[in-house]
Amino acid sequence: MGRSDRWAQRDVEFTDYLAARQPSLLRTAYLLTGDRHQAEDVLQTSLAKLYLAWDKVHDRNAVDAYVRRIMVNENNSLWRRGWKKREYAADDVPEGDPHHDAYDDGTNDELWRVVQSLPPKARAVVVLRYYEQMSEAETADALGISIGTVKSQCSRALAALRERVPVTLHPRYSGEDQ
């Protein structure tokens, strides 16, 4: 197989991977960042890095783990950049209607405000463990930390969430206490 044939095959494989996994990866990026536009930026940068390293990922079953690791690193590095500290959120969003994948009665937004109050590393652990349903070992591997750190970060994050979550979001809340 000639060099141009290898590049063409590489592009086909990468395109097939994108077609199959991009929506799920965007969801993960959103869960990590808490902002759709920032999630798109993190995912775009991560996919560009994945493309450049595509030939180095020999185990095609590990591509998701590899790109999740890139996304976590990209998200963490955003907070280290000086320009990010000078950027401020606006009260009025210039775009039209927000995009929702499914019906939302408002509790998801309320819950996400609480999740987003977690520090980035704790939020990453919660996202990977409970939204991506990764094991402790998979989460540790994706974040480059020990399983013990995953357990302690997760425990602290869940305790903080229990304290911060409004009573109206509690599973046993009936609405009769108002």
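Modeller: A residue is called buried when its relative accessible area is under 20%. Please bear in mind throughout that this is a predicted model.

Colleague: Which residues of helix 7 are buried?

Modeller: In helix 7 the buried residues are Thr139, Ala140, Ala142 and Leu143. Viewed down the axis of helix 7, these residues fall within an arc of 165°, so they line one face of the helix. Their packing partners are helix 3, helix 6 and helix 8. Just after helix 7, Gly144 adopts a positive phi of about 70°.

Colleague: How many helices and strands does the protein have?

Modeller: The protein has eight helices and zero strands. Of its 178 residues, 33% count as buried. Among contacts between residues at least 6 apart in sequence, 62% join residues at least 24 apart.

Colleague: How many aromatic pairs does the structure hold, and how is the geometry of a pair classified?

Modeller: Planes over 60 degrees apart count as edge-to-face, and those under 30 as stacked; the rest are tilted. The structure holds three aromatic pairs. The rings of Phe14 and Tyr51 have centres 5.0 Å apart and planes at 75°, so this pair is edge-to-face. It links distant parts of the chain, with Phe14 in helix 1 and Tyr51 in helix 2, 37 residues apart. Phe14 counts as buried at 8% relative accessibility, whereas Tyr51 is partly exposed at 26%.

For Tyr17 and Trp54, the ring centres are 5.7 Å apart and the planes at 50°, so the pair is tilted. Tyr17 lies in helix 1 and Trp54 in the loop between helix 2 and helix 3. Tyr17 is buried at 11% relative accessibility, and Trp54 is buried at 2%. Phe14, Tyr17, Tyr51 and Trp54 form one aromatic cluster.

Colleague: Where is confidence lowest, and where is it highest?

Modeller: Where pLDDT is low, the predicted coordinates should not be read in detail. Confidence is lowest in helix 4 (residues 82-86), at a mean of 50, and highest in helix 2, at 92. For the protein, the mean pLDDT is 81, and 76% of its residues reach 70 or more.

Technical notes:
Residues are numbered from 1 along each chain as its sequence is written. This is a predicted model: local features need pLDDT of at least 70, side-chain atom pairs count only at pLDDT 80 or more; totals for chains, interfaces and linings use all residues. Side-chain values use heavy atoms; hydrogens and water are left out. Helices (H or I, at least four residues) and strands (E, at least two) are DSSP runs, numbered from the N terminus. Buried means under 20% relative accessible area, exposed over 50%, partly exposed in between (1.4 Å probe, protein chains only). Contact means heavy atoms within 4.5 Å. The arc is that of the directions from the helix axis to the C-beta atoms. pLDDT is the predictor's confidence in each residue, from 0 to 100. Rings of Phe, Tyr and Trp (its six-membered ring) pair if their centres lie within 6.5 Å; planes under 30 degrees apart count as stacked, over 60 as edge-to-face and the rest as tilted.
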